[in-house]
Amino acid sequence: MSIPVRKYDAVIVGAGGAGLRAAIQLSEAGLKTAVLSKVFPTRSHTVAAQGGVSASLGNSEQDHWHWHMYDTVKGSDWLGDQDAIEFMCRKAPEVVVELEHFGMPFDRTDEGKIYQRPFGGHMSNFGEKPVRRACAAADRTGHAMLHALYQRNVRAQTQFFVEWMALDLIRDEEGQVLGVIALEMETGEVVAFHAKATIFATGGAGRIFYSSTNAFINTGDGLGMAARAGIQLEDMEFWQFHPTGVAGAGVLITEGVRGEGGILRNSAGERFMERYAPNAKDLASRDVVSRAMVTEINEGRGCGPNKDFVTLDITHLPPETIMKRLPGIREISIQFAGIDPIKAPIPVVPTCHYQMGGIPTNYKGQVINDTGATVTGFYAAGECACASVHGANRLGTNSLLDLLVFGKSSGDTVIEDMASMPKAHKELPANFADKTLARLARLENQTNGSSVNDTRLAMQRTMQNHCGVFRFKDKLEEGVQKILEIEKQVAITEIKDKSKVWNTARVEALELDNLIEVAKATMICANARKESRGAHVRDDAPDTPEMPNGRNDKEWHKHTLWQRDGNKLSYKPVNMTPLSVETIALKTRSY
């Protein structure tokens with residue numbers, strides 16, 4: 001069966017912050033660019049980012065990119081690559097000011113400069129004290145960013161394909177990527193987007209967990225497609241649990257609340273973070289705060305009738321500050337917790353928020369294969385990519401910065417690479433669509449198979465119970481077996497509703513194909529890493545004098561690489577060589 005083919009210079013999969021920023025570079029350079037998105041661009045998950053985007057502008061107090069770099073390396077628990085981290089932190093002021101010129105409505109100081117607030121893990125003078133580095137648009141920074149970037153793309157005449165789902169990469173026998181096969185969600189039409197350059201900006205996969213701040217669209221599509229195409233995934237054991245999701249709902253309460261002076265309290269009303277992070281307190285790194293909260297709950301100091309949450313208190317802040325700086329958070333608290341934070345504290349629990357791992361790339365956005373060489377024609381940016389600037393734990397506000405820096409960088413690299421490419425598109429292999437069409441045919445013809453919803457729920461509960469904030473040896477080993485059993489159920493999932501209208505059931509089954517790849521990678525990598533580092537904390541790797549915080553640099557200071565074929569694991573060294581400054585040497589991480 002043949003399918004229609006549409007030719008573009010570049011195709012970008014995903015219209016969140018990274019995809020839109022890359023598209024601006026390409027379209028403004030005159031390249032014919034297509035952007036595929038499962039939802040309207042301004043509905044992409046970047047819209048949910050609340051607190052800010054980091055840049056050492058120094059608008060409120062002295063700051064420097066080198067301090068930002070140090071904080072990011074330290075936040076990563078020294079698993080981040082220092083060349084990529086330097087690149088990101090040095091570029092931060094430039095891309096934020098650029099975004100301002102695109103029309104981003106940042107909050108302002110009295111002097112008219114971009115307003116900046118403190119955020120967890122961001123410190124001045126190499127860890128001395130908290131610094132104001134997060135550039136914010138109230139508590140709706142991601143929302144404002146998406147609209148500014150989308151409008152710039154409209155001006156640049158980027159071509160959008162809205163409510164299209166990419167299904168698989170197209171690779172030839174030499175391994176070059178030649179585009180993607182995609183499904184129009186409304187009609188079910190399958191089309192090949194033939195391109196000289198393909199950029200994945202598909203976002204995260206937080207929906208592998210039962211409790212998540214992620215949107216329902218965050219199903220790891222880019223990671224699933226890359227894995228099926230033979231690309232390894234990097235550092236998939238590292239998932240960040242955001243300290244403050246609304247208890248019972250999982251909806252995000254930005255770290256900006258604590259940046260504005262919010263305090264975490266236990267059932268006794270104690271500001272317990274003073275015991276866990278005496279210097280940074282409530283603005284310690286996210287993994288530190290999440291574990292402190294879980295410890296308080298596990299030791300019986302949780303709040304509520306079941307003692308299963310703590311509270312985030314801003315009742316001491318002036319109401320006008322809350323209404324000006326945190327209006328969306330007040331609205332979320334009222335809607336999802338039934339509490340007005342002006343009058344009472346918000347009930348919160350740690351919730352899955354962000355994947356630190358992903359498709360291996362360099363800081364130019366080029367995807368790296370298992371030999372360390374670049375994959376011709378393939379690029380990735382944003383949460384689906386692993387540059388690796390976040391290492392074992394991401395600092396808040398570095399995610400929006402990641403989108404801007406590496407979205408732009410990948411676009412610039414495509415333009416540079418395109419200059420040496422032939423003008424004509426490379427011919428597609430004769431069988432380029434066979435595997436995709438076979439997968440679609442299986443879904444159509446499957447009978448007496450497993451339910452998509454039940455199988456997805458089993459996967460999410462397994463991930464939540466076996467691979468959460470704290471990880472236990474026996475639970476991880478059991479979790480690997482359970483996920484592999486669930487994979488067998490995914491292979492025989494049946495579409496109960498075969499209606500062609502919007503293809504909702506069909507899309508959910510295709511998303512599950514991607515989710516299970518991410519879940520397998522996560523569980524297998526977590527089981528293999530026999531240390532505690534950043535967001536990955538094991539009970540059999542406790543804090544000892546020989547291994548502070550349970551971190552084993554001698555054996556485990558390395559990146560994990562997972563290969564779908566045979567669930568094989570391999571490792572590569574962390575890049576400790578920055579671009580222009582001295583290496584930030586390994587040390588114990590404390591706040």
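Okay, let's start inside: 47 residues line the largest cavity, and those nearest its centre are His 45, Thr 46, Gly 203, Asn 218 and Glu 383. By cavity I mean a set of points, on a 1 Å grid over the protein atoms alone, where a 1.4 Å probe fits but cannot get out; lining residues have an atom within 4 Å of a point. Its volume is about 680 Å³, taken as the space filled by probe spheres set on the points, with grid points joined across faces, edges and corners. As for secondary structure, α1, β2, β7 (164-171), β14 and α11 (398-418) each give two or more residues to that lining. Helices here are DSSP runs of H or I with at least four residues, strands are runs of E with at least two, and both are numbered from the N terminus.

A quick word on the model. It's predicted, so to speak of a local feature we need pLDDT of at least 70, side-chain atom pairs count only at pLDDT 80 or more, and totals for chains, interfaces and linings use all residues. Residues are numbered from 1 along each chain as its sequence is written, and side-chain values use heavy atoms, with hydrogens and water left out.

Over the whole structure, the search turns up four cavities of 30 Å³ or more. There's open space as well: the largest pocket holds about 880 Å³. A pocket is an open set of points with protein on both sides within 12 Å along at least five of seven lines. It has 29 lining residues, and His 45, Val 47, Ala 48, Val 251 and Ile 332 are the closest to its centre. Helix α10 (residues 327-337) gives the most to that lining, six residues.

Is Ser 44 buried or exposed? Buried, at 5% relative accessible area; the cut-offs are under 20% for buried, over 50% for exposed and partly exposed in between, with a 1.4 Å probe and protein chains only. A polar atom of its side chain lies 3.0 Å from the backbone oxygen of Ala 15. Skipping residues up to four places away in sequence, Ser 44 touches Ala 15, Gly 16, Ser 37, Val 39, Leu 146 and Ile 217, where a contact is heavy atoms within 4.5 Å.

Now the packing. The largest nonpolar core has 79 residues, and Phe 193, Phe 200, Ile 208, Trp 239, Ile 359, Met 459 and Met 463 touch the most other members. A core here is a set of buried Ala, Val, Leu, Ile, Met, Phe, Trp, Tyr and Cys residues joined through side-chain atoms within 4.5 Å. Helix α15 (residues 504-528) gives the most to this core, 14 residues. Beyond four places in sequence, the contacts of Trp 239 include Ile 208, Phe 209, Tyr 354, Arg 471 and Val 518.

On to strand β13 (residues 310-313): Val 310 and Leu 312 point one way, Thr 311 and Asp 313 the other, and all are buried. β13 runs antiparallel to β12 (residues 263-265), joined by three bridges, and is also paired antiparallel with β14 (residues 346-355) over three bridges. Pairing takes at least two DSSP bridges.

Most residues other than glycine have a negative phi, and most peptide bonds are trans. The bond from Ala 387 to Ser 388 is cis, with omega near 0°. Asp 77 has a positive phi, near 55°, and is buried at 4% relative accessibility.

Notes:
A polar contact is a pair of N or O atoms within 3.5 Å; within protein, one must be able to donate a hydrogen and the other to accept it, and residues adjacent in sequence count only if both atoms are side-chain atoms.
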